[in-house]
Structure formats: C-alpha cells, structure tokens
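Hello,

Here is the structure I promised to pass on to you. Please open it alongside this email, and take your time looking around before you read further.

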Amino acid sequence: MNNPGSDALLQQVADSFAATPDPRLREILASLVRHLHGFIRETGLTEREWMQGIEFLTAVGQTCDDKRQEFILLSDVLGASMQVVAVQSERPAGCTESTVFGPFHVEGASRIANGGDIANGARGEPCTVFGSVRNSDGDPVADAEVDVWQSDDDGLYDVQRPGLPAAQGRGVLRTDAQGRFWFTSVVPVPYPIPTDGPVGRLLDASRRSAWRPAHLHVRIVAPGHDTLITHVFRAGDPHLESDPVFGVRPSLVSSWPGSAEGRRELRFDFVLHRHEAP
Ligand code: BEZ
Ligand code: FE
C-alpha cells in the first residue's frame, strides 16, 4: 500500500535547495530529493529499514581503499553505471555501443606494436585479435590509440595477482593507415565480480549471479572522435543474459572461432562517432 507521507515536508526540503547558485547542481538536488522522498513514501519505509540501509552504505564505504572501490561496484550492480553510459553515449545508428569501464583498467599500459603479444605470460587458450577502426562516415581512423585489457584463464586481471613482475593481458596499440590493429592474446573466460564485501552480500540476498560473461575490454581514443569505451563479449557464454553489471549489448557479442590453423581468432570492427566540424 502506498504511504501518503508528507507533501509539506517534501516541499520544505525542495525549497531549502532552491537558492543553490549553480543551476545544474540545483536541478540535480531537486530531482534527488523528489526521487528519494518518493522511494521512502512508495515503500512505506520503516525507521529500522532506513537504518539497515545506512549500515549497508557504511559498510560499502568501509570496504573502499586505494585498490577497492565498493561504491562503484554498487553503482554497477544497481545498473546505475550502465544507465549513465546510456544517457551519455547516445550516438547515431551504426556507431559501436559503449559499456561500463570496470575497475581493472591501468592508465599508461605498455605500448605494443601491431602483431605483438599482450598476454605476456598470462595463461589461456592462445588467440589472435584483428580489429579495425572507422568513423561514422565509413573512413578508416588511422593512428587511433587502442587500449585493451582482459583477464587470464583463471578469470583474474594482472592487478589481482600481486607480485607479478610485469603487466599481463593489457597493452596499448595504434591503428595503421587503414585503421587496422592486431595482436595475440588468450581467449577471455567468465569471472565473478568481487563478492567478499557488502555488494556480494546484496547479490546473495537477491539470488543474483556474480559472474560476468567473458569479454575483452577496449578503449579507443582518436582526435576528432568520441572516445569509445566498450567490451567485446564472447558468443555462447552462459552468463550473457545475467551480467551482474548489465553491460551486455547484443551488438558487442562476437565469436572467437578457430582458424584453419586451429588457432582462435576474433575479428571486430569498431565505429567511432566523428565530431561535427566546428
Ligand atoms: C570488469 O569488467 O572488469 C568489471 C566491470 C564492473 C564491475 C566489476 C568488473
Ligand atoms: Fe572485465
């Protein structure tokens, strides 16, 4: 049953923010207050439940440190991260869709020449990735920076293996004059997001899967184009329909078939949104 609550209180709180000088902050605060009070009134929230929520958020904060960001993980499993991506990255049809960034990117990873190996000792089934980058007009994008990162055969990123002598499963490539890049690696496998904190308890309480479908992360930066942050997901993965962070888009699913030589290959064409000329 809906609880009517207090309209006067909601109005009073909304009015208290009405003189916020920054217009965007004023808009965000007004909407936040409206939705927060709407949530409390719709659910008829008890004081005990509100306190449980506060204790949960406190535990989320206490789980954060310089390597672990449980609030981002909470945003991810609530679909908020992906909703922000969706709101921000509306692009013309034909452009590659964006998805969540995730916590395992490392800025300044090693440059890898085309044809080089990004696995660098990471265990897994060997594969070759052939990519191309073009823009929304169909022109190849030369000299784009292509940052790739992925987990190994145990579903772990190098940053989850303290003490490794060098980075594994990541690298930064550049497209050639025809917009192409290629490298060798290992085939990604599914892995669970961290479940040893409050977000894991939330997934457990709601009987949700923690397993992300196998994927390769890609960030492409090219002057004059929107930066693309996306994944390529592996077709046939049993977790595609239950990604805990809601990152899967059908257009991003591709197979890594075996070639005539028996080695698996991924071929994927990325399309960037070109900025309008000023
Ligand atoms: C990832 O794909 O690396 C990831 C994304 C969101 C939460 C956890 C992991
Ligand atoms: Fe990932």
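Below is what I found, taken one region at a time.

One thing to keep in mind throughout: this is a predicted model.

**The ligand**

The side chain of R212 has an N or O atom 2.5 Å from an oxygen atom of ligand 1. Y191 places a polar side-chain atom 2.7 Å from an oxygen atom of the ligand, and for H215 the distance from a side-chain N or O atom to a ligand oxygen is 3.0 Å. How much of ligand 1 does the protein cover? On its own, the ligand has 260 Å² of accessible area, and the protein covers 100% of that.

**The sheet**

Next, have a look at the open sheet. Five strands make it up, in the order β3-β2-β7-β8-β9, and the pairing is mixed. At the edges are β3 (170–174) and β9 (253–254), each of which pairs on one side only.

**The loop between β2 and β3**

Between β2 (145–149) and β3 there is a loop, and Q168 has its place there. Is Q168 buried or exposed? Its relative accessibility is 14%, so Q168 counts as buried, the cut-off being under 20%. A polar atom of the Q168 side chain also lies 3.2 Å from the backbone oxygen of N120.

**A nonpolar patch on the surface**

Finally, turn to the surface. L36, F39, W50, M51 and I54 form a nonpolar patch there, and together they have about 440 Å² of accessible area. Which helices supply these residues? Both α2 (23–43) and α3 (47–63) give at least two residues each, with α3 providing the largest share, three residues. I54 is found in helix α3. Because its relative accessibility is 36%, I54 counts as partly exposed, a class that lies between 20% and 50%.

I hope this helps you find your way around. Do write back with any questions.

Best wishes

How values were computed
Residues are numbered from 1 along each chain as its sequence is written. Chains are lettered from A and ligands numbered from 1 in the order in which they are written. This is a predicted model: local features need pLDDT of at least 70, side-chain atom pairs count only at pLDDT 80 or more; totals for chains, interfaces and linings use all residues. Side-chain values use heavy atoms; hydrogens and water are left out. Patches are made of residues with over 30% relative accessible area and no salt bridge: like charges are joined within 9 Å, nonpolar side chains (Val, Leu, Ile, Met, Phe, Trp, Tyr) within 5 Å. Accessible areas come from the Shrake-Rupley method with a 1.4 Å probe; for residues, only the protein chains shown count as cover. A salt bridge is a side-chain nitrogen of Lys or Arg within 4 Å of a carboxyl oxygen of Asp or Glu. Helices (H or I, at least four residues) and strands (E, at least two) are DSSP runs, numbered from the N terminus. Buried means under 20% relative accessible area, exposed over 50%, partly exposed in between (1.4 Å probe, protein chains only). Two strands pair if DSSP finds at least two bridges between them. A polar contact is a pair of N or O atoms within 3.5 Å; within protein, one must be able to donate a hydrogen and the other to accept it, and residues adjacent in sequence count only if both atoms are side-chain atoms.
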